[in-house]
Amino acid sequence: MSDPLWLADVLRAEGLQVVEHEGWRERGHGDFRDLRGVLCHHTAGGGTRDWQIVQYGRQDLAGPLAQLVLERDGTYRVIAAGVCWHAGRGSHPGWPTDDANFHVIGIEAVSRGDGSDWTPAQLDAYKRGCAAILRHIGRTASDCVAHREYSSEGKIDPAGIDMDQFRHEVQAIIDGTPGGTMAALEETFVNFRGDTVTLGTAIRYIDQYVNELREQITGPIPMEGWPQLGDLTLVDAVALIGAELKIPGFTDPRTKSA
Ligand SMILES: [Zn+2]
C-alpha cells in the first residue's frame, strides 16, 4: 500500500498550518495503488463547515471525498490517507482514464465556487501544498491538475484559478526548496520509548521541551529570573543560598554583576 501517511508532516515541513482530523490515517475507501499527482477542487460552499461534507460525504456519495480540505485562511485539514471519491470520470496524460482516485490526492479548497472569493493566504497555501506533495512523490507541476481539466463530466473547479500560471508557480516552489531537507525530516527512527517517529516530529518535541526546560531554570523570557526567587534564575538562587550558608565554592551571584 502506498497511502500518504506522510501528508501532515510534509505540509508542516512546507511551513503550512495543519489540522489533523481524528482517525485520518485509517480513513478512506481502500488503499492507493500508487501516487501520480494532485487534483485541485473547490468545495462550492465557502463556509466553515464545508469540511464536514468532505469527511462524511453526502446522500449520494459516501465520504471521505478528498484527502485534504484547504480553508480560506490557508489552513489544511487532513481528512484521510486512503482513497477518496473526488475525481469522477476523466483523463490526464500518465493517469489511468476514469480511475484517478486510486492514484491522485484530492484537495478541496473552501470557496463559493464562482472564482471571486479566494484569499491570498489560501492561494499561497494551495500552491505550496501542491508543491510539497508533488516534490515528495517525485512528480513535477505538470501532475498538478484542475478537476475541470481532468473531468469529462463538465466540472468547472477550481473556478477563477489560471492553472498554467498556478503550475508555473508550483514548479518554482518545487525547484526552490532543497529536496534533501524535506526527505531528512520524514525519515523515521525508534525513539527511547520504542515508538517509530519521524525526524520532523522529534524536532518539534525537542524544540518544545528544550524551551520548557530552559524556562524552568532561567524563568520566562526575557530571562529576568523568577519573582519568587527575588528575580534570580534558579541557578543564581541556589548559588546565593550556598554563599549565605558559606558552602565552599558558592558565591553570591549579585556581587559579580554589581
Ligand atoms: Zn471537483
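Start with the open sheet of six strands, ordered β1-β6-β5-β7-β2-β8 with mixed pairing. Helices here are DSSP runs of H or I with at least four residues, strands are runs of E with at least two, and both are numbered from the N terminus. Two strands pair if DSSP finds at least two bridges between them.

The model is predicted: local features need pLDDT of at least 70, side-chain atom pairs count only at pLDDT 80 or more, and totals for chains, interfaces and linings use all residues. Residues are numbered from 1 along each chain as its sequence is written, and side-chain values use heavy atoms, with hydrogens and water left out.

Within the sheet, select residues 68-70 (β5) and 76-78 (β6). These two strands run antiparallel and are joined by three bridges. Leu-70 stands opposite Tyr-76 in β6.

Next, select residues 120-136, helix α3, which lies across β2 (37-42), β5, β6, β7 (104-109) and β8. Its direction is at about 160° to β2. Axes are lines fitted to C-alpha atoms, for helices over the stretch in contact, and angles run from 0 to 180 degrees between N-to-C directions. Contact means heavy atoms within 4.5 Å.

Now keep the two helices in view. Two packed helices are described by the angle between their axes and the distance between the axes. For α3 and α5 the angle is about 55° and the axes are 8 Å apart. That makes α3 oblique to α5 (under 35 degrees counts as roughly parallel, over 145 as roughly antiparallel, 65 to 115 as roughly perpendicular, and the rest as oblique). The crossing of α3 and α5 is right-handed, a term used if the near helix is turned clockwise from the far one by less than a right angle, with anticlockwise being left-handed.

For the side chains in this contact, show Tyr-126, Lys-127, Arg-128, Cys-130, Ala-131, Leu-134 and Arg-135 of α3, which meet Phe-166, Glu-169, Val-170, Ile-173 and Ile-174 of α5. By class, the contact of α3 with α5 has eight nonpolar, no polar and four charged residues. Ala, Val, Leu, Ile, Met, Phe, Trp, Tyr, Cys and Pro count as nonpolar, Asp, Glu, Lys and Arg as charged, and the others, Gly among them, as polar.

Then turn to the backbone in the loops. Most residues other than glycine have a negative phi, and most peptide bonds are trans. Select Gly-63 and Pro-64: the bond between them is cis, with omega near 0°, and Pro-64 lies in the loop between β4 (61-62) and β5. The bond from Asp-157 to Pro-158 is also cis, with omega near -5°; Pro-158 is in the loop between α4 (147-150) and α5. Ala-44 has a positive phi of about 60° and lies in the loop between β2 and α2 (50-56). Asp-231 has a positive phi near 65°, in the loop between α7 (199-218) and α8 (234-244).

Finally, show the whole protein chain, with its nine helices and ten strands. Its C-alpha atoms fill a box of roughly 85 × 40 × 40 Å along the principal axes.
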